[in-house]
Amino acid sequence: MVKIGKKEKNDQLYKAILQLKDEQECYDFFQDLCTVSELRSMEQRFEVASLLNDGMIYNEILERTGASSATISRVNRSLSYGTGAYEKIFARIKKQK
């Protein structure tokens with residue numbers, strides 16, 4: 001998986017995200033930052049990652065989310081070969097429950 005190098009990204013966005021105080025601020029910020037289509041795509045990818053993490057199979061995910069098989073495959077690659085960020089987030093969410 002290709003990772004974005006430090007010199008290739010603008011830290012301001014990531015620092016701004018860390019300043020968000022609650023879910024409503026996060027929702028408002030991303031609604032201003034992204035188009036509806038971009039938000040829906042990110043929401044869908046996160047849902048796919050969650051379902052894959054829970055052990056659901058491709059066909060069930062396809063039926064439940066409407067995500068393309070290409071999207072499911074890409075998310076699965078991120079889970080398997082990515083930075084581990086999904087796993088960290090899932091563990092934190094599980095701990096909060």
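The model is predicted, so local features need pLDDT of at least 70 and side-chain atom pairs count only at pLDDT 80 or more, while totals for chains, interfaces and linings use all residues. Residues are numbered from 1 along each chain as its sequence is written, and side-chain values use heavy atoms, leaving out hydrogens and water.

Let's start at Leu52, which lies in helix α3, residues 36–53 (helices are DSSP runs of H or I with at least four residues, numbered from the N terminus). Leu52 is buried, with a relative accessible area of 14% (buried means under 20%, exposed over 50%, and partly exposed in between, using a 1.4 Å probe and protein chains only). Leaving aside residues up to four places away in sequence, Leu52 touches Tyr58, Ile61, Ile72, Val75, Asn76 and Leu79, where contact means heavy atoms within 4.5 Å. Ile72 sits 20 residues from Leu52 along the chain, and their C-alpha atoms are separated by 8.5 Å.

Leu52 also belongs to the largest nonpolar core, a group of 10 residues that includes Ile72, Val75 and Leu79 (such a core is a set of buried Ala, Val, Leu, Ile, Met, Phe, Trp, Tyr and Cys residues joined through side-chain atoms within 4.5 Å). Helices α3 and α5 (69–81) each supply at least two residues of this core, and α3 gives the most, with four.

Now for the cysteines. The count of disulfides is zero, a disulfide being a pair of cysteine sulfur atoms within 2.5 Å. The sulfur of Cys34 is 10.0 Å from the closest cysteine sulfur, in Cys26, too far for a bond. Cys34 counts as buried at 15% relative accessibility, whereas Cys26 is partly exposed at 30%.
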